[in-house]
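These are my notebook entries on one protein model with its ligands. I recorded what I looked up, entry by entry.

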Amino acid sequence: MTEQFHYKRASISGVVRVPGDKSISHRAIMFASLAYGETVIDHFLHSEDCRRTIEAFKSLGVHISESGNQVKVLGRGVDSFSQPVSALDMGNSGTTTRLMLGILSSLPFKVNLTGDDSLSKRPMGRVINPLTEMGAEFSSLNEENKLPLSVNGGHLQPITYHLPVDSAQVKSSILLAGLLINGTTTVIENNPTRDHTEKMLSAFGGLIEINGQQIKIIGKQTLKSAKITVPGDISSAAFWVAAAVITPGSHLVLEQVGVNPTRMGFVDVLKRMGAKITVTVEHYIGDEPVGTIEASYSELVPTTVTEREIPSMVDEVPLLALVATQSQGEMKINHIKELRYKETDRIEATVNILQNLGATVSSSEDQMVVNGPTDLKGGSVQSKNDHRMAMMAVIASIISDQPVTIDQTDCIKISYPTFFEDLRSIIKENEL
Ligand SMILES: O=C(O)C1=C[C@@H](OP(=O)(O)O)[C@@H](O)[C@H](O)C1
Ligand SMILES: C=C(OP(=O)(O)O)C(=O)O
């Protein structure tokens, strides 16, 4: 669907509780399926990506029921899994695919996986290589190391693996494979990536040893069912934080947001730019900190983003570029090559969108350079069917002079199906 947005002179105010975290929702289904007993998951994110994870485990024989935002999973351990009768459809979800490949590698049967056009272009070699080293067999029916592919698992050996890319999906894939086999598997990361797999394992009674950047998991642990309330998704909250910070007259309160330090890069960088943001940790759900974020309109200056920070804000970098169009001077955002392997090439898509709206933005292989401040004038932009690009463009429309036309806005349901409801609840059209 192509839609036009025009919020001239609007401001952002109110209170929002964003939907459940996508990364945590995926992992809750996975660990609940591997555990024994009934797990109840509240505030689950009912998005297209998380649906793929539910459907994949149903196809493996796990009983899963849903009622509103609550999901119940009746786990009977991995030995109860049966060979799916047809290919598992991974849709658009990189997280489902890469984490599932870790689990499927340990199972003694062959499984075929397919995905949509975008997912079929994304690199799977990053998990296929270590899982092959552990003993799994893969065959790609198409281009090498891309979907559609099949995995034939069983008889894995543990490995020690130094991650060649900063990726929580790769780390988690190897840890999940390691959990299901005999012996101790070790993953070493260069820069910290989101640690929801490690934290979720503890919630299900599992043990994991973390020593600096080295993570060790002992295989064949028996997991017990759990009661999980999924914290609000900081990557969804980030759209409203950005909107409040760049839109004059705005003040916003975001409640019950997951504020895990491995996800806080965007907020930390914005604060260094001068943004008025406060984060208050209120309680913990398992090992996950949850709290309130307040954000107000602010005068901004550029800052330097370090390589170590990028994994903690990897999905928010396009939004950061939008915010930088409103800061005083040149901002270089470096070390962002991973953005090229997401649902679309997010460096190229961000530059195209922001340039079309009138911003001064350029890019090279690993970098974006934004010169601000610029008044965005509006125009027609392409989301490339990438949910985060479409939502970034909607936020840009709030500060654009003229209407912004965005194509394929339906893709927003991949991670944030209630995005427009939440937008309507906080956007205040001011008197002309
Ligand atoms: O583990 C996860 O849940 C995710 C990890 C990140 O991907 P990478 O591991 O490829 O960085 C992120 O971009 C994705 O949205 C979710
Ligand atoms: C990159 C993303 O997700 P995935 O890798 O799971 O497709 C995202 O949600 O921005």
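The entries below go from the model as a whole to single residues.

**Entry 1: conventions and confidence.** I worked with a predicted model, in which local features need pLDDT of at least 70, side-chain atom pairs count only at pLDDT 80 or more, and totals for chains, interfaces and linings use all residues. Residues are numbered from 1 along each chain as its sequence is written, while chains are lettered from A and ligands numbered from 1 in the order in which they are written. I noted an average pLDDT (the predictor's confidence in each residue, from 0 to 100) of 97 for the protein, with 99% of the residues scoring at least 70. The model has an ipTM of 0.99 and a pTM of 0.98.

**Entry 2: domains.** I looked up the domain assignment, which gives domain 1 (3–20 + 231–429) and domain 2 (22–229); such bounds come from an automatic or database assignment. Their C-alpha centres are 28 Å apart. I found 26 residues of domain 1 in contact with 25 residues of domain 2, where contact requires C-beta atoms, placed from the backbone, within 7 Å. On the side of domain 1 that touches domain 2, nine residues are nonpolar, eight polar and nine charged. Here Ala, Val, Leu, Ile, Met, Phe, Trp, Tyr, Cys and Pro count as nonpolar, Asp, Glu, Lys and Arg as charged, and the others, Gly among them, as polar.

**Entry 3: ligand 2.** Around ligand 2 I found Asp49, Ser93, Gly94, Thr95, Asp315, Lys342, Glu343, Arg388 and Ser415. The shell has no nonpolar, four polar and five charged residues. Each domain supplies at least three residues to the shell around ligand 2.

**Entry 4: annotated positions.** From the unreviewed UniProt entry I took the feature "binding site" at Lys22, Ser23, Arg27, Ser167, Gln169, Asp315 and Lys342; positions follow the numbering used here, feature names are shortened, and annotations may be inferred rather than shown by experiment. I then asked where two of them sit. Lys22 belongs to helix H1 (residues 22–34), and Asp315 to the loop between strand S17 (288–296) and helix H9 (317–324). Lys22 is buried because 24 other C-beta atoms lie within 10 Å; the classes are buried at 20 or more other C-beta atoms within 10 Å, exposed at 12 or fewer, and partly exposed in between, with C-beta atoms placed from the backbone. Asp315 is likewise buried, with 24 C-beta neighbours inside 10 Å. Beyond four places in sequence, Lys22 touches Leu45, Ser47, Asp49, Cys50, Asp233 and Ser415, and Asp315 touches Ser235 and Arg388.

**Entry 5: helix H3.** Eleven of the eleven residues of helix H3 (residues 94–104) are buried, so the helix is largely enclosed by the rest of the structure. Its cover includes H1, helix H2 (48–59), strand S7 (110–114) and helix H5 (168–179).

Technical notes. Two residues are in contact if their C-beta atoms, placed from the backbone, lie within 7 Å. A residue is near a molecule or strand if its C-beta atom, placed from the backbone, lies within 6 Å of it. Helices (H or I, at least four residues) and strands (E, at least two) are DSSP runs, numbered from the N terminus.
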